[in-house]
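Take a look at the structure below, then read on.

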Amino acid sequence: MKQVLIIMMTLFIGFHKPIDNNFSRTIRGKVIGADDGLPLPQVTVLIKGTNIGTATDLEGNYSLQVPDKGATLVFRYLGYKTREFKVGNSNVLNVRLMPDVNSLGEVVVTGAAAKRRQQRLERKQEAFEEALSLQGNANGMSMPSPTYMEDDVSNESYSEISENGFNSPFKNPYSTFSIDVDAASYSNIRRFINQGMLPPKDAVKIEEMINYFDYEYDTPQGKHPFNVQHEVGKAPWNEDHYLVHIGIQGEKIEMDELPASNIVFLLDVSGSMSSENKLPLLKKSLKLLVNELRAEDRVSIVVYAGAAGEVLPSTPGNEKKKILKALENLQAGGSTAGGAGIKLAYSIAEEHFIEGGNNRIILATDGDFNVGASSDEAMEDLIEKKRKSGVYLTVLGFGMGNYKDSKMEILADKGNGNHAYIDNILEAKKVLVNEFGGTLFTIAKDVKLQVEFNPGTVQAYRLIGYENRLLADEDFNNDKKDAGELGAGHTVTALYEVIPVGVNSSFKPVDDLKYQPNGQPKVVSNTTDLMTVKLRYKQPDEDKSIYLDTVIKNKLNNYLSNNFNWSAAVASFGMLMRESDYINEFQYHDAIQLAKRSKGTDGNGYRAEMIKLMEMAELLKKSEE
């Protein structure tokens, strides 16, 4: 009988940097797929006969110390044939792995099976030591990206998402929503897939997947801090429909031109944070951020468990040793009561408030954020009140098994901040180093979009994603209504699927009325416009919104950019995982091919990584059938 296995890409048990003097050679190389030549991230690389190893980074690179003589390296990756190579005289070993579709017969990966397997594993597993120093990572050097595993995901919580359907412009001419620059959903999805599980449907937020990636939009040139552009093409999953791509590019600000920061780290050190992918990873992540701070920046550290306390008073950013020592001394233990901690954090942030600066609390937790005697509503009201003082809240999620995505997203929204999920040190580098300005510096707040559709050219439309960002139409002109924030250099992308007039689509919203007029005018004078995109935003220190709009014509683009096609590929990936009603016969293979054609410039390897995740998800889906 074939043995049933649960395969996880990066399950490291006792990976340590060798201390034996015989381990004096360092072997480096790159691992790619023989089928497409793309780099393979998170390939397990082991010294045969030991538990010493590492994993490839996003670009497929690895580095490992090995014995002087006689070492054999084993390369393992889900869906590919395991290969062994004896280390020769060269210190460079590049590897091509062959796909192994037949191995799926021996691999059963289901949520229930994974759960049973996980329950038999130790609750905590030692992560391998960083191959490079934290300072090296801050300087842009690549390193392995570990993914850790815990016993259970049944205690995780996600807000229910009901997929947006088609609307008629005669009955609903407006589509109104808040922008969303959060990208937590994508890294959370990656964590599930890397552990051999498809994510829960409600964990898949298509807009956050799309906005995880950068796009090559034009930089702003006028008086507004961002630029708006668009493209119109055919929807890949339904060529009778249009797909409208709307892109926003925020103004980019160089690091030395950013205003001074007053940052308060609010860190969960309760017992639930003891796992390697929680507090230990949190400490490593924040060290990367500390390395980016300047003398004019200030940092405080507040911790909470059974009680809250300040472990580092406000300290200049150039006193890095003092800050790093305070981080290193943190230990997990006790119950979770975040209410006292967040009140103390706001008090300290207000005490050291920098006029015209970036005043922000960074809350880092696994989401088990109990507020003590206060209710969740009271805590949300407090955060909403405090944001009016100019102190914003960014939320970083860590770990699994107790992850409360829904709660953390609400806290970040109320605090005029963003929400990211850190599943490995490379994601920490992306959020806290590469995207430092976008994560921490707001250039526009309460950014809302309202699209008016022309019934003369649009039979029906639907917004893809943003289900929990929808606003009432009247909220668009209401400056008291909160909406999303745009950070320096951030891009925001929104997609609409449109059924043109004259198309006989099975997705017609409602049938025509039989006993009364349908309310549709006999003649529509304008047949050249498809829609008008209206946008409102506020300057970070202002309360009155600024308005701008742009008209999208009823014309397909002759050329569709990689921006358009990549966002469509990401959207289709999300729709497949959510088992969307609108994906038609479009399959994983189609989405993967579209992604490969539109990968474009991919300096950090994020797009190549997603293509591999798509291939893994396809295999996981097949194994469930």
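Predicted model: local features only at pLDDT ≥ 70, side-chain atom pairs only at ≥ 80, totals over all residues.

## Confidence first

Averaged over the chain, the pLDDT (the predictor's confidence in each residue, from 0 to 100) comes out at 83, with 83% of residues reaching 70 or more.

Residues are numbered from 1 along each chain as its sequence is written, and side-chain values use heavy atoms, with hydrogens and water left out.

## A three-stranded sheet

Next up is an open sheet with the strand order E4-E1-E7 and mixed pairing. Strands here are DSSP E runs of at least two residues, and helices are H or I runs of at least four, both numbered from the N terminus. Two strands pair if DSSP finds at least two bridges between them.

E4 (61-66) and E7 (95-97) sit at the edges with a single partner strand each, so one side of each has no neighbour in the sheet. From one strand to the next, the twist averages 35°, taken between N-to-C directions of lines fitted to C-alpha atoms, on a scale from 0 to 180 degrees.

E1 (residues 25-33) runs parallel to E7, paired over three bridges. Gly 33 has Leu 97 in E7 as its bridge partner.

## Helix H9 and what follows

Helix H9 covers residues 405-414, and its buried residues include Asp 405, Ser 406, Met 408, Glu 409, Leu 411 and Ala 412. Buried means under 20% relative accessible area, exposed over 50%, and partly exposed in between (1.4 Å probe, protein chains only). Just after H9, Asn 416 adopts a positive phi of about 55°.
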